[in-house]
Amino acid sequence: MKKVLFIAAKANMIQQFNIRNILMTQSLGMEVHVASDFIDYGSMDEDETNKLLNWLDEIGAVIHQIPFERGIGSIKGNRASAKALKQVFNDGPSSDWAFVHCHSPLGGIIGRYVAHKFKVPALYTAHGFQFFSGGPKKNWVFYPIEKAFSYWTNELITINHRDYRLAKKNFKKPTVDYIAGVGIDVAGALAVPAVQKQAIRAEIRTELGLSDSDYVLTTIGELNDNKNQIVVLEAMAKLDNPQLQLLIAGVGPNLAMLEAKVAELGLESQVQFLGYRSDITNIHYAADLNVFPSLREGAWLRWS
């Protein structure tokens, strides 16, 4: 039986983007291995990580704990990640592996490096390049890195048209494909009867202490600089409307900073930090407006 290895720096990338990939690979009769950091697991909580680990165990996937650092990592940390990943391949002949499928910038770099060392074909899904026309010039430092590592990539999957055109033109080695974003079950959401949506809306508003007269905003995403939640707080302070309520769903490194900003702006009675939620659709039913202030999103550029 051929083996396939899914690699992502943080476990949330496995949970949020690879469940179907794993199941499809299994349906082809392959043994699935998953390498990620399940201890520093990224933008989800411990309960959700444990659910993912239990699910992987139930379906018979082989789990490999790899200590990836955040962001682009450090020389010492990246060497440790590569060493741990090499051990996965050292456990058997390289010919046993059909391919690796890499996700996240750091997982993509280290994963492709190790795969190249063991002569295993590499797929890489770019969830939106850091660099793009009109974006910050400093982010173009990633361009030569991605171009260099493209020579160790057999298949490059892009999720927006700009990345696809750039890679198709400038990256000579890999086959470049385009898949339109990560997608959501829009049909399923639209099929929910209006009376059921209203019942959920009332239930969630009661849970969160919101009244029918409140105008509720939501913003969903990891609490980091790129998701830019701070601009919503600043806008609410300028509007100075006590009927506005904001629900912020997500976890991340900016929580303390955002909580301090809420206190500084005097918005304590209007802003709730919900943490990680697995019922985002229900949160949207309870709200009146979703605010999407991200500075950059991988799938945004697909319409350009």
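Let me start with helix H7, residues 161–170, which lies across strand E6 (155–158) and strand E7 and runs at about 165° to E7, where contact means heavy atoms within 4.5 Å, and where angles run from 0 to 180 degrees between the N-to-C directions of axes fitted to C-alpha atoms, for helices over the stretch in contact. Helices (H or I, at least four residues) and strands (E, at least two) are DSSP runs, numbered from the N terminus. This is a predicted model, in which local features need pLDDT of at least 70 and side-chain atom pairs count only at pLDDT 80 or more, while totals for chains, interfaces and linings use all residues. Residues are numbered from 1 along each chain as its sequence is written, and side-chain values use heavy atoms, with hydrogens and water left out.

Strands E6 and E7 belong to an open sheet of seven strands, ordered E3-E2-E1-E4-E5-E6-E7 with parallel pairing, where pairing requires at least two DSSP bridges between two strands. At the edges, pairing on one side only, are E3 (62–65) and E7 (175–178), and from one strand to the next the twist averages 20°. Strand E2, residues 31–37, pairs with E3 in the parallel sense over four bridges, and His33 stands opposite Val62 in E3.

Turning to the helix pair, the axes of H4 (residues 75–90) and H5 (residues 105–117) come within 10 Å and cross at roughly 50°. That angle makes H4 oblique to H5, since angles under 35 degrees count as roughly parallel, over 145 as roughly antiparallel, 65 to 115 as roughly perpendicular and the rest as oblique. Among the residues that meet here are Leu85 and Phe89 in H4 and Ile110 and Val114 in H5.
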